[in-house]
Amino acid sequence: MNDLFFSPNPDVRKIAGELYISIKDMPILSPHGHTEARWFAENKPFENPTDLIITPDHYIFRMLVSQGISLDDLRIPRRDGSRADGDPRDVWRLFVKHFFVFAGTPTGLWLREELRSVFETDIPLDETNADLLYDHIDACLKDPRFYPRNLYERFNLELLSTTNGASDDLIWHKKLAHSGWQGTIIPCFRPDDVTDPGRPDWRENLRKLSELTGEDTECYPGFLKALRKRRQDFINLGCNSTDHGVESPRTFTLSASAVEAVYKRAISGRATDEDHRAFIAHMLMIMAEMSTEDGLVMQIHPGVYRNHDKNMFHGYGGDKGADIPVRCEFTQNLKELLNTFGSHPDFKLVVYTLDETAYTRELAPLAGYYPAMLLGPPWWFNDSFQGMKRFRESVVETAGFYNCIGFVDDTRALPSIPVRHDFSRRIDADFLAELTVRGILTRRDAETLMPELAYGLTKKGFRL
Amino acid sequence: MNDLFFSPNPDVRKIAGELYISIKDMPILSPHGHTEARWFAENKPFENPTDLIITPDHYIFRMLVSQGISLDDLRIPRRDGSRADGDPRDVWRLFVKHFFVFAGTPTGLWLREELRSVFETDIPLDETNADLLYDHIDACLKDPRFYPRNLYERFNLELLSTTNGASDDLIWHKKLAHSGWQGTIIPCFRPDDVTDPGRPDWRENLRKLSELTGEDTECYPGFLKALRKRRQDFINLGCNSTDHGVESPRTFTLSASAVEAVYKRAISGRATDEDHRAFIAHMLMIMAEMSTEDGLVMQIHPGVYRNHDKNMFHGYGGDKGADIPVRCEFTQNLKELLNTFGSHPDFKLVVYTLDETAYTRELAPLAGYYPAMLLGPPWWFNDSFQGMKRFRESVVETAGFYNCIGFVDDTRALPSIPVRHDFSRRIDADFLAELTVRGILTRRDAETLMPELAYGLTKKGFRL
Amino acid sequence: MNDLFFSPNPDVRKIAGELYISIKDMPILSPHGHTEARWFAENKPFENPTDLIITPDHYIFRMLVSQGISLDDLRIPRRDGSRADGDPRDVWRLFVKHFFVFAGTPTGLWLREELRSVFETDIPLDETNADLLYDHIDACLKDPRFYPRNLYERFNLELLSTTNGASDDLIWHKKLAHSGWQGTIIPCFRPDDVTDPGRPDWRENLRKLSELTGEDTECYPGFLKALRKRRQDFINLGCNSTDHGVESPRTFTLSASAVEAVYKRAISGRATDEDHRAFIAHMLMIMAEMSTEDGLVMQIHPGVYRNHDKNMFHGYGGDKGADIPVRCEFTQNLKELLNTFGSHPDFKLVVYTLDETAYTRELAPLAGYYPAMLLGPPWWFNDSFQGMKRFRESVVETAGFYNCIGFVDDTRALPSIPVRHDFSRRIDADFLAELTVRGILTRRDAETLMPELAYGLTKKGFRL
């Protein structure tokens, strides 16, 4: 694995290796992701290789689906909680049989290196070794070294954030807070469950929010009070950021009377689609405003059309690999938010994109101007060698390195976390080395930047 | 030509060369293109170098037009069939005089290598050699080795598809079927002539379609019956795919009454532009449905604004180099088609694009999910070194290699076919070699993938 | 600096160096930019390092703003002409203290090389040297070698164009014309001040235009006459181009009555936003038509949303780093202009873009077809190593090299001019060298192209 990702050019490779070695053992900050606090609160062994590696990872099973394998063949849980009959080992065999289709994908590389560095085996991922690998991983999982808290420590994590709805009771985070364990597992406040009145479970989530806060969420002022209280609850458990998954990053403030009217229509089930969109845009403004008060870093993950495959959604629910990006505009959409809060000294906004066309055209120019705005690293489909390369090549010249945060793994695949951060560090080392050999950076520039990209910019950007 | 396109890095170059050598003599599959069955049915020598190389190739003459040369200077046939007076040799001289403007373009490279490998000459393409080259090629054309069937065999073609309208009588394909010649020249069913009621020749094409099938194409049900019959006629002549050249890949099903109404308005010449667009979107759904019945692989080539230069169009007609790409959206547009047929086991959909912004944002995520969807290779303006590089760099990480088909030449320039496939094989070898040296692929991965990219994926994707 | 930007690969580097050396001393053509004729007319020393390097350069201060530094800290003049109190030396110190944030940006590189090659010092740009550098540059500025005319000569400039509104009296250009100095400082005719009725100063500019021409600009025919006269005034002072900074490159001709009506509404302050947009689109057609008469090369710089940060705009006015690009469509928008004038033998249109998605999809296909159309080089945020690489990689294969003009610095930072041109020459040399080593260009192709890219294509494109 030593030279993985590094340039074929020996001069670049040498410098990349030296830069990488200088930071490869720095602690890992994971300020945004989708692991579960419960794992660490309970600290029980993971069930089996399939349920650890395949079942929760839509990066993996979407590719298998593309090859004609059904979610039932993979025993992915259905919407009603049931699951096709079968043996997890058979699912593993099916996966390994098709592992060749992952050639050249980050998913394939993560797994290859995860086996090597986390599960400490060199058995190649091919059909003939399916059982051998299954047994090896299965044996690992029973070893306390592979219990969640021990993985956290072995991975050299300094902080790990989960993602939680505003109506989440945070029961596992509370237990962790009183557990005496030294790991830092914090929640991120993601209020999409209550800020999007178009969700089928919106009313139910409002009800939970009301229960958790004692506020009347049937009216707009009560709703705002409840959100303020909940943000504080999250902060009390270490939370330092919010996150907003919106189809469009449109932002604007509805007048007091307009927002009351929209809220009433939504409560009574008479809101239009445009009401929903307007309310979401308005709530982004409100969330930014609250961030200027309580200091939570605001993140926006926009531009995904969720559950493109309706049959699959009806059978298996969300987050099943059928989310597809759409075009995403930032210059006009973020205008009101940035005009109002973009120069506020107590505000930080981290913007991610799946629409790479916005890198040079909109995002780097915006981040290279507004003090509050920072660019998030390549996300999801672009969390990859080429994706990171395109990101750096596109944004650095206009936004500089210092208007970006460092790597964010954004994953639900716990054992992949150290590998993902390692990849990012390698790819950044290679990028800096290439610029150094070309004379664009001095060696000293590169040496100063390397730990910033690996650690410092995330720490600063997320105010850790 | 030995190392053409290969990386300057010696390690990459070495592996690229080895990969390339391992497949360079594999047969060529050309499952989509614009050569003419007549050439092979008649098997007569081509007229002269100009009429073979320049007259039919809008890649060439559009660039000459951009330098201020008129289509009459190049003796391109006018819409009325007439042609400016003059000597084909003078046209050739004019072209060779301006050949320097093709530096760095695929057109320039194709021609350079075509001269070397097809016409077996090293005379450089510059002004002083214009006559020498003309005479050399002219002499070649009179040699039976350069007759169409012999070229097919010399080029190691295994299959060559032409493209034909639904109202085409396929007379030349029928003659070929009874000719005893072993070459495989098949038609591709491209019903744009009858599925776009906005075309000036629509009614005339419907009439031909009616004649060919005996169905009443003045009514919608008869029209559908005629299409089904025609698909079968094509299949009987070896056809295994359809193709659809649409400005937008919008897909949706009109209700039974709506489509009847639109069809009636179209027949009576009272259809609106939106009627035309709706009918085209509806017919994509119908064509997909018929494909699930008869197994024809469906291809979509969207996103071109045809005949941008109206004066030129009035004087010389279509396909004269004045077609310009426009933005193209896939996530929303293909939603209905993919929801309905994207998981159908008997359906294959190959999608091409000229809008490269859709690669990472829309097309790779879609192809990496839906079993029926495959990505076509870079097309037209992007059938080039940089275009292929961008394609692989953009789509492989999300869609993998196995959700793409192999190279498609899509050309009307017969002597360029082996060169185009050779370029694609070289560029893929270079891409795989670079990933190998970077440790992203193992050498074994690269060796497994190479023949798939050169041959296997096309064979599978087109069900040959 | 010797190998700055060149490939890490020794073969490419060697050829790049040889190509670069062959042209590095060619004269500089600067056919479009934002320096001031007054500097050369007066030929007085520049005030101090801060007012030369920082105050006018929004590339620099926007990045400092992004780090939380205020425009008052930087003593940027306010809209009312006032300026925060303070010492230019303190501004310089603040800048140098933050210079590390420019790592990897063109702005950082320009300055680094400007110090070396223009100010002839190797003192590194870091905090400890702030005063040393200030004193060094300050001493230089007092030296006649650094007076504007001497810089022009030392920089080997052959021509330098300023940019001037239609209502500009061109007083400094006139003085220069009678000064006896041999430098060529010409104006570029940029009539946005009078062709956009949505500008707050439109009426005022019309009044000036009327004064300068004696025409009645309150009516549309008088307005056109005034424009014709002004174009001639500019031409009399050496002008050879126009420029149009429009948000959208939409072009179409209003009917005679429609344009009269729009003009009247605009004059009476009752025009709608759509009136403004329609008039701008119409005036692009008129300007193209006048170019066919008087031979001025037409430039379009579209796709920027100006003054995104409204607070900043109210306090400090335009051109303060808060302009952000937006999506830009060309295929449909330029259709009427290109259909009408795109094949006119006396017309040249140079199109720039900040929306790189249009390179392969729209701009290269258009420029590779229409004789009148040429592509401008990467502009503004994309005037950078990666930006130039993406430009060449994206456009050459479809448009060739010969449908582009050479480098345009478009700068108000006089001492950066030779450095910017040098960078472009180096990056082009590297691009040609890489293609040569890959076998795509012959060495002879590369040697022929190099002086064209450095000098010839601009000379031809701008008809100098």
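Helices are DSSP runs of H or I with at least four residues, and strands are E runs of at least two, numbered from the N terminus. Axes are lines fitted to C-alpha atoms, for helices over the stretch in contact, and angles run from 0 to 180 degrees between N-to-C directions. The model you are looking at is predicted: local features need pLDDT of at least 70, side-chain atom pairs count only at pLDDT 80 or more, and totals for chains, interfaces and linings use all residues. Residues are numbered from 1 along each chain as its sequence is written, and chains are lettered from A in the order in which they are written.

In chain B, helix α6 (residues 106-117) packs against helix α19 (residues 417-437) at about 115 degrees, with the axes 9 Å apart. That makes α6(B) roughly perpendicular to α19(B) (angles of 65 to 115 degrees). B:W110, B:E113, B:E114 and B:S117 of α6(B) meet B:P418, B:V419 and B:R420 of α19(B), where contact means C-beta atoms, placed from the backbone, within 7 Å.

## Where chain A touches chain B

Let's turn to the interface. Chain A brings 41 residues to the contact and chain B brings 38 residues. On the chain A side, α4 (58-66), α6 (106-117), α15 (310-316), β7 (324-325) and α18 (385-399) each supply at least two residues. The largest share, four residues, comes from α4(A).

## How the copies relate

Definitions and conventions: Two residues are in contact if their C-beta atoms, placed from the backbone, lie within 7 Å. Angles under 35 degrees count as roughly parallel, over 145 as roughly antiparallel, 65 to 115 as roughly perpendicular and the rest as oblique.
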